[in-house]
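Please consult the sequence and structure below while reading.

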Amino acid sequence: MKPLILIGGGGHCMSVLEAAESAGREIRGILDRAELIGTEVSGYRIIGTDDDIPRYATECEFIVTVGSIKSAEKRRLLFDKILRAGAAPAVIIASMAYVSKRAHIGPGTVVLHHATINAGASVGENCIINTAANVEHNVTVGAHTHISTGAMVNGDARIGSCSFIGSGAVIANGISIASGSVIGAAAAVITDITLPGTYIGIPARPLSE
């Protein structure tokens, strides 16, 4: 397995470092802003910027460690930059996460401690399945989506790409959520969301209401 380079040195990076260490990954370093080169995050050096991805493309795997809440655009652009460089996105599964052998995890996705991905689930590329999140049987999670801490995505639900499911949110069985949607913390989604936007409350409703 090739050494790992993380792209983005903030708080999410610290969580992914913990997960990568627990999975036994060798970590080469972190890419971040030019003025931070030479500094450290959790004991690992920032060795360059994302413009240096081609320099390491043949010898390392990469994971995007920029978090996302309102927009997945920055994560998506960095992931595309990895692919354009001909580099390989890593999959990071923390040692205390559970991923069914009957689930599919796309390249560039990280599954953090105590998260569960159950049988028949399919998680797209460059996703975050955050600490203690639950992705139940036959769920589909679109690319570049963040399922946040403690969120519950129940069986047969479909989460569109570039979405954010907030901490403690509950997505009911069989619900579909449009791409680009933001579901607020502790919201309960019990009917399909067909238009992207921000939804909050129990039951979830558009923020503008």
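## Burial and valine 66

A residue counts as buried when its relative accessible area is under 20%, and as exposed when that value is over 50%. The model to which this cut-off is applied here is a predicted one. Valine 66 has a relative accessible area of 17%, and therefore counts as buried.

Valine 66 is located in the loop that runs between strand 5 and helix 3 (73–84). In sequence, 28 residues separate valine 66 from glycine 38, and their C-alpha atoms are 19 Å apart in space.

## The largest pocket

Valine 66 also belongs to the lining of the largest pocket, where it is among the residues nearest the centre, together with Gly8, Gly9, Asp32 and Lys74. The lining comprises 14 residues, and the pocket holds about 220 Å³ of space. By class, the lining residues divide into 4 nonpolar, 6 polar and 4 charged.

## The cavity

How many cavities of 30 Å³ or more does a search of the whole structure find? The search finds 1, and the volume of the largest cavity is about 50 Å³.

Its lining includes the residues Ser68, Ile69, Lys70, Ser71 and Ala72. Cys162, Ser163 and Phe164 also contribute to the lining of the largest cavity, as do Gly180, Ser181 and Val182. In this lining, 5 residues are nonpolar, 5 are polar and 1 is charged.

## Helix 1

Helix 1 covers residues 11–22, a run of 12 residues. From its first C-alpha to its last, helix 1 reaches 17 Å, which is close to the 16 Å expected at 1.5 Å a residue.

Which residues of helix 1 are buried? They are His12, Cys13, Val16, Leu17, Ala19 and Ala20. Viewed down the axis of helix 1, these buried residues fall within an arc of 165 degrees, so they line one face of the helix. An α-helix has 3.6 residues a turn, so residues three or four places apart point the same way. Helix 1 is followed by glycine 24, which has a positive phi, near 80 degrees.

Glutamate 61 lies in strand 5 (residues 61–64). Is this glutamate 61 buried or exposed? Glutamate 61 counts as buried because its relative accessibility is 18%. The side chain of glutamate 61 makes a polar contact, at 2.9 Å, with the side chain of arginine 25.

Note on methods. Residues are numbered from 1 along each chain as its sequence is written. This is a predicted model: local features need pLDDT of at least 70, side-chain atom pairs count only at pLDDT 80 or more; totals for chains, interfaces and linings use all residues. Side-chain values use heavy atoms; hydrogens and water are left out. On a 1 Å grid over the protein atoms alone, a cavity is a set of points where a 1.4 Å probe fits but cannot get out, and a pocket is an open set with protein on both sides within 12 Å along at least five of seven lines; lining residues have an atom within 4 Å of a point. Grid points are joined across faces, edges and corners, and a volume is the space filled by probe spheres set on the points. Ala, Val, Leu, Ile, Met, Phe, Trp, Tyr, Cys and Pro count as nonpolar, Asp, Glu, Lys and Arg as charged, and the others, Gly among them, as polar. Helices (H or I, at least four residues) and strands (E, at least two) are DSSP runs, numbered from the N terminus. The expected span of a helix is 1.5 Å times one less than its number of residues. Buried means under 20% relative accessible area, exposed over 50%, partly exposed in between (1.4 Å probe, protein chains only). The arc is that of the directions from the helix axis to the C-beta atoms. A polar contact is a pair of N or O atoms within 3.5 Å; within protein, one must be able to donate a hydrogen and the other to accept it, and residues adjacent in sequence count only if both atoms are side-chain atoms.
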